[in-house]
Amino acid sequence: MTDLITMQAAFLPSTIEDLSKFVLIGNDKLQAVRAEISAIEKLGLAQEVHAQKLAEAQDIAEIVTLAKLKMGELLNGLPKVSGGDRRSENFKNDTPVDFDTETVKSKAEVVKEIGLSQKQAERLQQMARNPAAVAAAMDKARSDGDIVSQS
């Protein structure tokens, strides 16, 4: 199943705006699947049904985690202040640009536009600086029969 997650991660959205939408929808889907798991447990339904829903939740949580990791990477690549020529060698092609003024948007501007708090953005950036720890957390959660979380 991890191969499927890795393959899906290659097809994640490439812009921070699209990634934020992907994460929002993924989190809502994960919450719905968690509610299904809770209902299955309360009703004492077949263990096979529970296992299927748990695997679905793990897959969703892992792909959302990878999307957050990618968001953190993109945030880490943004300048702290506005300005600069959009053709600069220092910026990647996917760096947000205000085409009216041809300046690169600052990290604070992008964070505000996508609806994150500064604390949330810092957490995503921390994840991006520690991809091995994120991968280890995903592996541990799956092997423990748990669902990975950002914390």
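Modeller: Start with Met-71: leaving out residues up to four places away in sequence, it touches Ile-16, Leu-19, Ser-20, Val-23, Ile-114, Leu-116 and Leu-124. Keep in mind that this is a predicted model, where local features need pLDDT of at least 70, side-chain atom pairs count only at pLDDT 80 or more, and totals for chains, interfaces and linings use all residues. Numbering runs from 1 along each chain as its sequence is written, and side-chain values use heavy atoms, with hydrogens and water left out.

Biologist: What makes those touches contacts?

Modeller: Contact means heavy atoms within 4.5 Å.

Biologist: Which residues have the most contacts inside the largest nonpolar core?

Modeller: Ile-16, Met-71, Leu-75 and Ile-147, in a core of 31 residues. H3 gives the largest share of this core, 12 residues.

Biologist: What makes a set of residues a nonpolar core?

Modeller: They must be buried Ala, Val, Leu, Ile, Met, Phe, Trp, Tyr or Cys residues, joined through side-chain atoms within 4.5 Å.

Biologist: And why is Lys-105 called buried?

Modeller: Buried means under 20% relative accessible area (1.4 Å probe, protein chains only). Lys-105 has 17%, so it counts as buried.

Biologist: Where is Lys-105 placed?

Modeller: In the loop between strand S3 (103-104) and helix H4 (107-113). Helices (H or I, at least four residues) and strands (E, at least two) are DSSP runs, numbered from the N terminus.

Biologist: Which side chain does the Lys-105 side chain make a polar contact with?

Modeller: That of Glu-113, at 3.0 Å. The cut-off is a pair of N or O atoms within 3.5 Å, one able to donate a hydrogen and the other to accept it within protein, with residues adjacent in sequence counting only if both atoms are side-chain atoms.

How values were computed:
Buried < 20%, exposed > 50% of the residue type's maximum accessible area, 1.4 Å probe, protein only.
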